[in-house]
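Have the coordinates open and try each task before reading its solution.

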Amino acid sequence: MFLGACLDLGLPVSLLEEMVERLGLDGVELRVERAKRGGLAGVRFSVLRDGQPVEGKGSEGASHRRLSTILRMIGESGLGDGVVERASALFRRLGEAEAQVHGVGLEEVHFHEVGADDSIVDLVGAAVALEHLDPARVSSSAVVVGSGTVSTRHGVMPVPAPATGLLLEGIPITSGGASGELTTPTGAVIVREFVAEFEPSATAAPRRIEGYGIGLGSRELADRPNALRLQRARPLELAESSWRQVAVLECQLDDVTGEAVGHAVESLLGAGALDVFATAVQMKKSRPGVAITVISRPEQSSELAERLLLETGSLGCRRTVVDRLEAERSIFIVPTPFGDVKVKRASVAGRSLGAAPEYEDVRRIAREQGVPFRDVYRAALRAAD
């Protein structure tokens, strides 16, 4: 499905045909056809051997390849360095997952379904596609894995299958309300290796769609199209995209020490919060207290809310998603008599908001040189003008 979507997005099929030839997959042919799934049109990509579809079975003797065999095929293929590196990384990651699931050494792993011709084409082809499409960044919504069970060579397994679940560790997933397996180890390893950021569609940064591709699966699903959609998009210019959504987490405390509040603030910042601050408040029954406010990206808010409760002992917190105007920022290095200092410059709508030396750099240099903090700060500001 991934390659079908890439082909629909503009990947030339000739690159995949050349890849098959270079890998030495004799007897393997590629089929690219327009089709529909659930009323949705897209590209159905399939691998044939001797005119018959190959789906996780491979030819006799080809469906039990070792990792070392596959890596050698890739290394000797003569494909570009970028393709070889990406494809090898995909299979190594997959091999490590299989080894862990089955409790064997990496050199003992036998690829079954994933060692078949179609899966080799899928994964090496994914590397070819990424090299050709050359995205600056790949992002994804939560991965839909399905539910129920799936039959494998090792018996009936719960969805997601063990290797799939391991490859998706730490990645947001959902059943999608669907039964059956909707993400295989092949798809999971592509997500693990290629996707840099997971973002809910509702909170994704503003962008302009410049193209999209639909890849179709082999099955017809009862309640939805069996399809994968890829979008090529470009971030909007600052004037159009300066508003970004952030989550605001808040709670009040009246039974913690100042040291505990300070530790909670440091812990939340270290976990990726955009900002954290504490405010003195008067609570019910005239008790003095402190309100903690956490600013985060929406996709991190659940994790940070849990940390906020664990660090403070609060019995709950509030979450509000709001729009925040973000200035355009750049960081550059300036020389000073005390050493090089990073300086951050900000602007909005093409108008400068000024520059500010990075606190950590100034503090470090002041300590190392034994000079006042403000002397280093002023010198950095003069150099930035």
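**Exercise 1.** Which strands does helix α9 lie across, and at what angle does α9 run to β15?

*Solution.* Helix α9 (residues 258-270) lies across β15 and β16, where contact means heavy atoms within 4.5 Å. Its direction is at about 150° to β15; axes are lines fitted to C-alpha atoms, for helices over the stretch in contact, and angles run from 0 to 180 degrees between N-to-C directions. Helices (H or I, at least four residues) and strands (E, at least two) are DSSP runs, numbered from the N terminus. This is a predicted model, in which local features need pLDDT of at least 70 and side-chain atom pairs count only at pLDDT 80 or more, while totals for chains, interfaces and linings use all residues. Residues are numbered from 1 along each chain as its sequence is written, and side-chain values use heavy atoms, with hydrogens and water left out.

**Exercise 2.** What is the strand order in the open sheet of 4 strands, and which strands stand at the edges?

*Solution.* The order is β15-β16-β14-β17, with antiparallel pairing. β15 (275-282) and β17 (318-325) stand at the edges, each with a single partner strand, so one side of each has no neighbour in the sheet. From one strand to the next, the twist averages 30°.

Technical notes:
Pairing = 2+ DSSP bridges.
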